[in-house]
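Please study the sequence and the structure shown below. Then work through the exercises and compare each step with the solution.

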Amino acid sequence: MTSSTLPTDPRIELARTRRMLEDTALAAVPGTLLALSGNDASAHQWTAQVRSTTGEHVTLRLDRLLQTVEVLPAERIAQAA
């Protein structure tokens, strides 16, 4: 069995990361992804804006390092689900 030793293109890794985060956000709050942006202070923290299936705008904080999703504000968790 052979393995590739070619370096991974950083653009491909970023695209994979974005797709994973988009999928994670929409799994947490079903609806339409409006925006996804990285946190300038931390490479592993992202923020997503989702319009839920009920029409509500929900903000999610995604942390790749901790593998967590936080719905902001917290009281919207029950409403968004």
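The model is predicted, so local features need pLDDT of at least 70 and side-chain atom pairs count only at pLDDT 80 or more, while totals for chains, interfaces and linings use all residues. Residues are numbered from 1 along each chain as its sequence is written, and side-chain values use heavy atoms, leaving out hydrogens and water.

**Exercise 1.** Determine the strand order of the open sheet and its edge strands.

Solution. Strands are DSSP runs (E, at least two residues), numbered from the N terminus. Two strands pair if DSSP finds at least two bridges between them. The four strands follow the order 1-2-3-4 with antiparallel pairing. Strand 1 (31-39) and strand 4 (68-72) each pair on one side only, and are the edge strands.

**Exercise 2.** Trace the pairing of strand 3 (residues 57-63) with strand 4 and with strand 2.

Solution. Seven bridges join strand 2 to strand 3; here Ala 48 has Leu 60 as its bridge partner. Leu 60 is also partnered with Val 71 in strand 4. Five bridges link strand 3 to strand 4, where Leu 62 stands opposite Val 69. Four residues separate strands 2 and 3 in their hairpin, and Gly 55 in the turn has a positive phi of about 95°.

**Exercise 3.** Is Ser 42 buried or exposed?

Solution. Ser 42 lies in strand 2. Buried means under 20% relative accessible area, exposed over 50%, and partly exposed in between (1.4 Å probe, protein chains only). Ser 42 counts as buried because its relative accessibility is 13%.
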